[in-house]
Amino acid sequence: MTDVTFRDLSGMDEFRAAEDLQRAVWGEGDQPDPADLMMVIQAEGGLVGGAFVADRLLGYVFGFPTRDPQIQHSHRLAVLPEARGKRLGLRLKAYQRHWCLERGIGHVRWTFDPLRATNAALNIHRLGATSDTYLPDYYGAMAGINSGLSSDRLLVDWHLADPVVAALAAGQGRPSEVLVPLDVTLPEDLEALTRTDPDSARALRLALREKMQAAFAKGRRIADFDATRRQYLLTP
């Protein structure tokens with residue numbers, strides 16, 4: 001997809017399109033971030049960036065300032081189902097990285113469901129974010145694609161000038177590092193597992209929670225993700 005334009009959203013019609021996009025991605029019952037809120041946060045120094053083809057919004061990234069002016073919290077990243085497989089998520093994060101560095105922001109944080117292998121591959125393996133913080137049932141009960149499981153999340157840290165992050169952004173390989181796999185294999189399709197075998201999905205959630213919390217308590221951190229084996233890789 002060569003005709004994609006990445007830019008900040010502009011005008012309430014585009015913010016409303018971002019609100020509609022959230023409903024399409026996260027499903028019925030999920031509460032989208034309202035258009036007017038995103039518009040105001042952008043005006044106060046936040047990021048609402050989009051991937052456009054012929055003025056149609058296909059994906060967006062939404063981040064806002066924190067108490068530390070050098071840290072941004074990245075709240076949402078979404079790509080329409082029909083536009084997946086075109087690296088738009090990765091390219092939106094590249095847009096976010098460039099946007100932040102231009103403004104003196106060197107650290108971006110966000111949360112994601114640690115059972116979603118696709119998200120782990122993007123956030124940890126391809127972007128170079130790391131994590132040592134596990135948040136059990138962070139959002140409470142959720143609807144849409146997140147229904148049926150406790151809303152556990154990993155809080156990840158993306159240090160934009162880190163050598164690994166910079167190398168990945170430049171299209172280079174990761175430097176070699178001795179890492180240890182966490183002995184939990186993520187499902188290929190979390191939503192399908194939750195729908196067809198909810199007991200197994202809940203058991204997997206608890207097993208991953210227990211092992212990650214134990215590893216973090218020992219001072220270890222997630223430094224990579226093996227997308228083939230669908231396992232997290234931790235520092236020794």
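Biologist: By class, how many nonpolar, polar and charged residues does the lining of the largest pocket have?

Modeller: In this predicted model, the largest pocket has a volume of about 1,400 Å³, and 45 residues line it, with Val25, Trp26, Leu77, Arg116 and Asn119 the closest to its centre. Sorted by class, that lining has 20 nonpolar, 11 polar and 14 charged residues.

Biologist: Which element gives the largest share of the lining of the largest pocket?

Modeller: The elements that give two or more residues to this lining are α1 (12-26), β4 (71-79), α3 (88-102), β5 (107-112), α4 (117-126) and α6 (190-196). Among these elements, the largest share, 7 residues, comes from α4.

Biologist: What volume does the second largest pocket have?

Modeller: The second largest pocket is lined by 15 residues, of which Leu90, Arg126, Leu127, Leu168 and Ala169 lie nearest its centre. Two or more residues of that lining are given by each of α3, α4 and α5 (163-169). For the pocket that these residues line, the computed volume is about 280 Å³.

Biologist: Which element gives the most to the lining of the second largest pocket?

Modeller: By class, this lining has 7 nonpolar, 3 polar and 5 charged residues, and the elements that give two or more residues to the lining are α3, α4 and α5. With 6 residues, the element that gives the most is α3.

Conventions
Residues numbered from 1 in each chain as written. Predicted model: local features only at pLDDT ≥ 70, side-chain atom pairs only at ≥ 80, totals over all residues. Heavy atoms only, no water. 1 Å grid on protein atoms, 1.4 Å probe; cavity = no way out; pocket = protein on both sides within 12 Å on 5 of 7 lines; lining within 4 Å. Points joined across faces, edges and corners; volume = space filled by probe spheres on them. Helix = DSSP H or I, 4+ residues; strand = E, 2+ residues; numbered from the N terminus. Nonpolar A, V, L, I, M, F, W, Y, C, P; charged D, E, K, R; others polar.
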